[in-house]
Amino acid sequence: MAGLNIPGVTDPYNTNETVEKLMQVERIPLTREQNQLETYKDQRQAWREVNTQLTTLRDSIKTLYSYENPFNSKLTTSSNEDAITATANRSADIQSFKVDVIQPATSDRFLSGELDADYQVPSGVYTYKVKDKTVTMNWKGGSLKSFSDALNKRSNGVIKSLVIGASQGKKTIMIESLATGRENRLVFEGSAKDFAINSGMITAVETKKINFGNSASDFIAVPPVHSDEQTKMPPLSLTRTNISNGTITVAPRGAFQLAVPAEVAQKNTNHITFKVRSNAVTDITEALNKQPDSPVIPDSGFAEFEGIVVRNSASETLIKAEIIPQKSVDPINDKNVLYAVMADGSEKLISTPDLFSNDELTIDLPVSDYEGLKSIIVRNQNTGYSLEVSAFSAYDSAEEVGYTPNNAIEEAGDCTIKYEGIKITRPTNDIDDVVPEITLHIHEKTEKAATITVKADKEASKNALIEFVGKYNQVVAKLNVLSQNKSEIIEELEYLSADEKDALSKQLGMFQADFTLSSIKNNMASILNTPYKFSDYATITLLAQIGISTNVSGFSGSYSASRLRGYLEIDEKKLDDALENNLEEIKNLFGYDSDGDLIIDSGIAYRLDKEVSAYTQTGGILSMKTSSLDSQIKTSESKITKLESQMSQKEAELKSKFSTMQGSLNSLESQQNTISNFTNRQNNSNR
């Protein structure tokens, strides 16, 4: 209720002041409850801050023993990073190996001839293909620049176009495939091919083939191969091959060798192609196993006298001979039937994993993959399959698409490297299937083999440990502030700003009587100081052994109270030495599998995680603390609302009573003034 003063009228009885003083007494329960509510809110905020810092610490802890732990991180270095680099997965082995880059993978990049600056690209449907991806544009005609811009908008990451200034008043247009590898040739179709020819970008050519292996005289017997052949098994023979209508039939245990023409083998862009099909036939081992065992004729003997040996004549008549049973012949099923023979006589298997699928296999051999190729061998060692091999032919892959570039900046080609002396080709410059868990990144040709070294990323491990120590100390600082009423605790935290120190000062000693904080701190300290012997040969079993510990004595042995508060310190030199020499043991110190079930169940980080989780998880100890305070805050807010309503009513009652009293006093005063005025008038009239 508003005050009793009326404008122009004084408050001679100090009614408002009297009411306010009376209300101050009445408001004591309300003020007490409001202060209690603020205390609840401050406590809830403090518990939330503890929960946040413990959660942050837990995240740091988990990185020290989870699959993503830094101790498994790997670094790779290259002796020639301009030519080749590598990235290693976490499970890559520590190793060093050599890679020689013969040729990086390239893409088709074709340039047109010089065109007039105002050259108009004719209208039409322009189609560009790169392997199984197609870009088609319905062009209405226009300048080179407009054509190039329109093509780029529709390229979908397949091709790229660029207009380049040439000589005075002339321009050229470049079109390139964005995919590397010989299989990703740039193909022009429709108006795109016409424009490429007319602009001088390409010249149409006919694909020429070289046929060979069309007559029986082209085939020779294969050289014998040492093997543990079964006793009755027929040797591989050229006589078991037959040519009819351009098809070579190779019966079971048949084989032949075909020389590759020099004009084919000497051109790296050539490919040799032929087809192979397997046909199931009656297994020859069935007949072989039905043949009778051959008799063994006993030796006819000899006579010896004074060094002279006279042998008896061999038996010319049938006599009873000893029969030695022979082992049965087992069927042979072998998918490895094709081999490339090199100039040095060595052989390289031509893989045919789907040989027995009943489908005709098309074999395409890039000559560049078979350096020094001299001939091709077919060895059908199988006993239940015959082979049908087509005639052989060769083609130049540079002419395969029906044109040859006139101004090629670069032509599509596979990446070729030698890994530890083994020649390998891939269509891309990022190769992840040669060295396990390592991806090679090819940039350019090497003059000599580059050395790739894979080693542990010790810096990542060190940074993770430093981060853990920092987060741990922040939690300890918070626990100290809330559980102890010592201002020096805050002053010791030199990394805090003035505002942060002021905020902490309001929380100093807030939970002195709550044992939760001391329990967290003591349990964590106990975990850190416990030895963990993860194997019988472990030499690092304590955190202090790697240079991380609570140092209770200052420099030169002087006492420092701040070092008694549970903070961790790092001896960087000792830590560096431990990481350099005992990285695997440090990893096990923070988390290891104690029972062989491949699940980490012990170690510093594992136990700290479990300890902190009990406080921070949903429904955990800190959650119960804040939930309890939430209930108290809600109850307090209800009390305050009720008390405020009561205070409003009380104040209204007092003001009403004092208003009535003041009205009565004013009336009496008015009557007194009237009587006084009447008396004065009477006295004046009697004079």
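Trainee: In this predicted model, how many bridges pair β18 with strand β27?

Mentor: Strand β27 covers residues 373–379, and its pairing with β18 is antiparallel. Within this pairing, Phe256 stands opposite Val378 of β27. The number of bridges between β18 and β27 is five.

Trainee: Why is strand β18 largely enclosed by the rest of the structure?

Mentor: Strand β18 spans residues 255–259. A residue counts as buried under 20% relative accessible area. Strand β18 is largely enclosed because, of its five residues, the number buried is four.

Trainee: Which strands stand at the edges of the open sheet of five strands?

Mentor: The order in this sheet is β1-β36-β3-β32-β33, with antiparallel pairing. Each edge strand has a single partner strand, so one side of it is left without a neighbour in the sheet. The edge strands are β1 (74–78) and β33 (422–426). Ignoring direction, neighbouring strands of the sheet are turned against each other on average by 30 degrees.

Trainee: What is the bridge partner of Gln95 in β36?

Mentor: Strand β3 takes in residues 95–103 and strand β36 residues 450–456. These two strands run antiparallel and are joined by five bridges. In β36, Gln95 has as its bridge partner Val454.

Trainee: Are α2 and α13 roughly parallel or antiparallel?

Mentor: The axes of helix α2 (residues 28–62) and helix α13 (residues 604–616) come within 9 Å and cross at roughly 155 degrees. Angles over 145 degrees count as roughly antiparallel. The crossing angle therefore makes α2, relative to α13, roughly antiparallel.

Trainee: What is the handedness of the crossing of α2 and α7?

Mentor: The axes of α2 and helix α7 (residues 458–483) come within 9 Å, crossing at roughly 160 degrees. The two helices are therefore roughly antiparallel to each other. The crossing of α2 and α7 is left-handed.

Trainee: How many nonpolar residues does the contact of α2 with α7 have?

Mentor: Among the contact residues are Val50, Leu54 and Leu57 of α2, and Phe468, Val475 and Leu479 of α7. Four residues of this contact are polar and four are charged. The number of nonpolar residues is 11.

Technical notes. Residues are numbered from 1 along each chain as its sequence is written. This is a predicted model: local features need pLDDT of at least 70, side-chain atom pairs count only at pLDDT 80 or more; totals for chains, interfaces and linings use all residues. Side-chain values use heavy atoms; hydrogens and water are left out. Two strands pair if DSSP finds at least two bridges between them. Axes are lines fitted to C-alpha atoms, for helices over the stretch in contact, and angles run from 0 to 180 degrees between N-to-C directions. Angles under 35 degrees count as roughly parallel, over 145 as roughly antiparallel, 65 to 115 as roughly perpendicular and the rest as oblique. A crossing is left-handed if the near helix is turned anticlockwise from the far one by less than a right angle, and right-handed if clockwise. Contact means heavy atoms within 4.5 Å. Ala, Val, Leu, Ile, Met, Phe, Trp, Tyr, Cys and Pro count as nonpolar, Asp, Glu, Lys and Arg as charged, and the others, Gly among them, as polar. Buried means under 20% relative accessible area, exposed over 50%, partly exposed in between (1.4 Å probe, protein chains only).
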